[in-house]
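User: I would like a close look at one part of this model, the place where the two chains pair. Please set it in the context of the rest of the fold.

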Amino acid sequence: MRVVAMIMAGGEGSRLTVLSEHRAKPSVPFAGKYRIIDFTLSNCVNSRIYDVAILTQYRPHSLNEHIGIGRPWDLDRRTGGVRLLQPYQARGSQGWYRGTADAVYQNIDYLLNRDADLVLILSGDHIYKMDYRPMIAYHEEKGADLTVAVMNVPLEETDRFGIMTVNKAGRVLEFHEKPKTRDKGTLASMGIYVFNVSKLIERLTELHKMEPDLDFGKHVIPAMIHEDKVYAYPFEGYWVDVGTVDAYWRTSLELCDPNSPLNLWDPNWVIRTLSQERPPVKCSAQGKVVRSLVSNGCIIHGYVEHSVLSPGVYVSPGAIVREAVIMNDTWIGPGAIVDKAVVDKQVLIGAGVRLGWGDDWRPNAERPDWLDTGITVVGKGAHIPPNLRIGRNVLIYPDVEEDVFTVPDGIIPSGATVTPQAALLPPAAPAVVMTASDPAAETPPAVPTTASSAQEVNA
Amino acid sequence: MNVLAMILAGGAGPGLLVLTAQRPDAAVPFGGKYRAIDFTLSNCVNSGLFNVAVLTQYMPRSLNEHIRAGKPWDLDRSQGGVRLLHPYQSHAEDRGGWQEGSSDAVRFNLDVVRESRCDQVLILAGNQIYKMNYQPMLEFHRLRRADITVGALAVPPYQSHRFGMLTVDPDGRITRFEEKPRRTRATLASMGIYVFEASVLTDILLGPGRNHRHLGAETLPWAVRHKRVYAYEFEGYWTNIGTITAYYEANMGLLADIPALELADPRWVIHTPSRQLPPVLLGPEAVTTSSLYCDGARIEGTVVRSVIGPGVYVAAGAEVRDSIIMDDTVIAAGAVVDRAILDKEVQVGEGAHVGTGDNIPNSTAPALLNTGITVVGKRAVIPAEMVIGRNVVIRPRATPADFPVDGVPGGATI
């Protein structure tokens with residue numbers, strides 16, 4: 001049996017807000033030194049699958065850079081190894097991948113060239129450890145055309161998943177993509193599929209004529225249930241979709257506990273990544289770190305508690321970092337306090353800044369659906385000027401320069417959004433953060449230097 | 001100009017006691033995740049020298065494992081790259097066999113010098129910790145049309161007895177060489193690194209110097225009298241980790257807020273094969289003052305002024321002070337480690353006390369171990385509640401049965 005894996009890594013992950021502004025979701029850093037896709041890739045090589053294709057589409061540069069020729073995963077091989085499959089132009093086709101199954105359909109040539117019997121379709125978006133070999137054995141044992149990995153999810157979350165009902169033998173009888181009602185059971189598809197290649201090609205070719213934006217969950221699986229042998233493979237173990245800022249933050253901080261459900265220390269299931277050449281973590285005489293995960297290259301002069309730090313983070317004397325995820329090479333100035341935040345790479349947090357400040361827990365005014373649990377998010381390369389106070393649920397876009405932050409009182413209230421052009425303050429800021437001399441609370445205080453562009457963005 | 005770097009890494013490093021029981025001094029772990037030779041190797045590639053030979057002899061296995069094909073240094077190349085040169089047998093009377101010194105080692109590998117068609121040979125040592133760009137030294141060598149250029153370092157007079165001391169004329173040419181003098185007016189010490197014109201090296205070692213065994217003690221003094229030998233002064237941090245005390249001090253020096261040897265230098269990265277390990281995990285009760293931690297370490301207890309290697313586990317309630325702990329060593333709850341060097345995979349049992357009591361010099365090596373440092377060899381298992389004094393040496397793979405019931409007194413060797 002020749003098995004090849006195809007990892008879907010083209011997703012935008014828009015609910016991760018600015019974290020996926022400049023990179024695809026699989027490329028978002030996680031657990032300090034890793035990126036999300038490392039878990040799926042490591043699962044492949046740990047399952048002895050050395051033939052891996054990664055399908056990219058949205059902002060692939062950081063992913064390309066990370067994967068390279070696949071060295072950290074020993075996928076720089078002469079036969080097999082890792083391939084990045086980008087969308088391409090062809091005669092009579094416009095090129096972009098319009099759905100997960102469409103992406104595979106456009107790479108049928110790859111499957112044929114690899115001469116594979118089975119294809120393992122994976123998502124690059126999930127954090128989990130799974131040996132795919134028992135699933136493949138199960139697939140063969142059942143003589144299945146398609147096997148879908150499933151797990152039980154809480155009933156109230158069933159509307160986020162493809163939910164299926166199975167008979168005693170494990171054969172899938174019904175499939176409901178993101179059902180609105182709660183009566184379909186709790187067996188959810190994990191987006192992990194084993195297909196017989198010949199059957200997959202047959203079905204994709206057939207279905208593609210009707211649905212150009214072909215998707216596995218929406219079209220392919222429902223169509224196959226009635227005609228082909230589709231089985232569900234139950235998986236029990238740690239599996240998380242860190243699709244929202246809140247899930248990302250919570251899953252990250254969970255790793256700080258010695259008994260965290262995700263064991264990164266297992267010598268029999270090493271999660272591999274492109275390790276940067278960095279010196280050991282340095283904690284100075286006044287530095288203190290508790291209940292945290294800290295990557296090499298960090299220099300700690302301040303106090304860090306219950307946080308995850310990526311390589312090269314610098315915490316200055318007197319700074320406090322609490323319940324935060326801080327990515328590579330971010331600099332936290334003297335006396336700055338970071339509380340409940342996700343800070344992307346290469347951010348400068350000026351001296352005395354309070355990031356995640358105050359007791360005002362209003363959701364983000366622009367995107368209340370993205371940010372409503374009190375986490376403040378700072379995009380890559382933003383420069384926050386000294387002594388600024390930034391509230392909760394604030395969204396700061398990448399590469400925002402210091403002058404954009406010139407706001408009354410040096411306060412960015414909770415729920416604000418700061419774009420590279422202007423600080424968009426929430427319409428009804430409460431009295432505690434507005435002084436008496438401020439203009440009426442209904443009109444957002446205009447930023448003197450960038451007033452016109454602020455209106456533009458508001459429009 | 002074509003330069004071949006030869007790194008001498010075959011030394012037994014007797015001054016490092018059990019740390020070199022199963023590895024040459026070039027392969028001794030340093031600064032947590034590095035090994036001593038990483039500094040010299042990284043200096044080579046950071047200086048743009050990609051043709052490197054590593055000469056081994058003593059216990060080379062861990063060095064072989066470490067260097068392999070040279071990936072971390074980008075030395076896995078089709079042209080040049082890194083080669084490990086081992087002693088070999090041969091039919092000729094005067095070649096092959098075990099090497100009896102640095103001149104001997106280079107002489108046995110002159111074939112490599114010839115085949116690499118290099119103009120200069122840069123001879124380096126694998127047991128030195130420093131960051132140096134070799135290009136200015138090579139440039140100096142060419143400008144002076146020297147036969148040999150010696151890397152030199154200004155040292156205070158009280159250290160002159162440890163070095164070969166050089167007297168130079170205003171142009172930098174060495175006029176006098178004194179090997180480890182008690183008193184001298186010279187202030188420049190040889191670092192033990194040399195640029196040789198390839199032809200001069202071959203001529204000396206096969207001709208007048210064919211009986212020389214040591215470069216520093218024999219070949220160099222001869223060359224000073226007969227050839228154009230210059231000194232290139234290096235100004236920067238440099239240390240030789242030849243003794244336990246020097247090794248300990250060099251590691252502890254990394255803990256300073258602004259260390260003499262800055263490892264976090266993006267323009268001069270020290271490369272090493274990083275293990276695939278997760279970030280450092282610091283527990284809720286961890287105390288982490290003034291220390292270095294490598295990836296994969298898990299700290300639940302107290303660590304003060306120490307270097308913690310990859311994968312080390314310090315249990316809650318354990319205490320590590322002023323110590324160097326190498327890869328995957330486990331320190332169980334309630335144990336105290338004070339002023340000690342623990343090699344890889346050591347197990348310190350619950351409530352054990354390593355490094356306590358008076359400073360009694362080690363009885364078998366009083367000259368080497370008299371500053372209170374206790375050294376524990378690789379994979380030793382220290383039983384629970386065991387009390388171990390200072391200046392103690394514990395052999396690799398010591399089992400609980402090897403320890404006296406009433407503890408190990410200061411200065412003892414197991």
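Which residue is the bridge partner of Val294(A) in strand 14 of chain B?

Analyst: The bridge partner of Val294(A) is Val280(B), in strand 14 of chain B. This is a predicted model, and what follows is computed from it.

The bridge belongs to a pairing across the two chains: strand 16 of chain A runs antiparallel to strand 14 of chain B, which covers residues 280-282, and the two are joined over 3 bridges. On the chain A side, strand 16 covers residues 292-294. Strand 16 is one of the elements of chain A that give two or more residues to the side touching chain B; the others are strand 14 (281-283) and strand 15 (288-290) of chain A. In total, 29 residues of chain A are in contact with 27 residues of chain B. Sorted by class, the chain A side has 15 nonpolar, 8 polar and 6 charged residues.

Chain B also has pairing within itself. An open sheet of 6 strands in chain B has the order 15-18-21-24-27-30, with parallel pairing. Its edge strands are strand 15 (287-289) and strand 30 (387-389) of chain B, each of which pairs on one side only. On average, neighbouring strands of this sheet are turned by 15° against each other, direction ignored.

Among the helices of chain B, helix 7 spans residues 215-226, and its buried residues are Leu215(B), Gly216(B), Thr219(B), Leu220(B) and Ala223(B). Seen down the axis of helix 7 of chain B, these buried residues fall within an arc of 110°, so they line one face of the helix.

Of its 414 residues, 53% count as buried. Its C-alpha trace spans about 65 × 50 × 45 Å along the principal axes. A compact globule with 414 residues would have a radius of gyration near 22 Å, and chain B agrees with this at 22 Å. Among contacts in chain B between residues at least 6 apart in sequence, 57% join residues at least 24 apart.

Technical notes:
Residues are numbered from 1 along each chain as its sequence is written. Chains are lettered from A and ligands numbered from 1 in the order in which they are written. This is a predicted model: local features need pLDDT of at least 70, side-chain atom pairs count only at pLDDT 80 or more; totals for chains, interfaces and linings use all residues. Two strands pair if DSSP finds at least two bridges between them. Helices (H or I, at least four residues) and strands (E, at least two) are DSSP runs, numbered from the N terminus. Axes are lines fitted to C-alpha atoms, for helices over the stretch in contact, and angles run from 0 to 180 degrees between N-to-C directions. Two residues are in contact if their C-beta atoms, placed from the backbone, lie within 7 Å. Ala, Val, Leu, Ile, Met, Phe, Trp, Tyr, Cys and Pro count as nonpolar, Asp, Glu, Lys and Arg as charged, and the others, Gly among them, as polar. A residue is buried if 20 or more other C-beta atoms lie within 10 Å of its own, exposed if 12 or fewer, and partly exposed in between; C-beta atoms are placed from the backbone. The arc is that of the directions from the helix axis to the C-beta atoms. The radius of gyration is taken over C-alpha atoms; the globule rule is 2.2 Å times the number of residues to the power 0.38.
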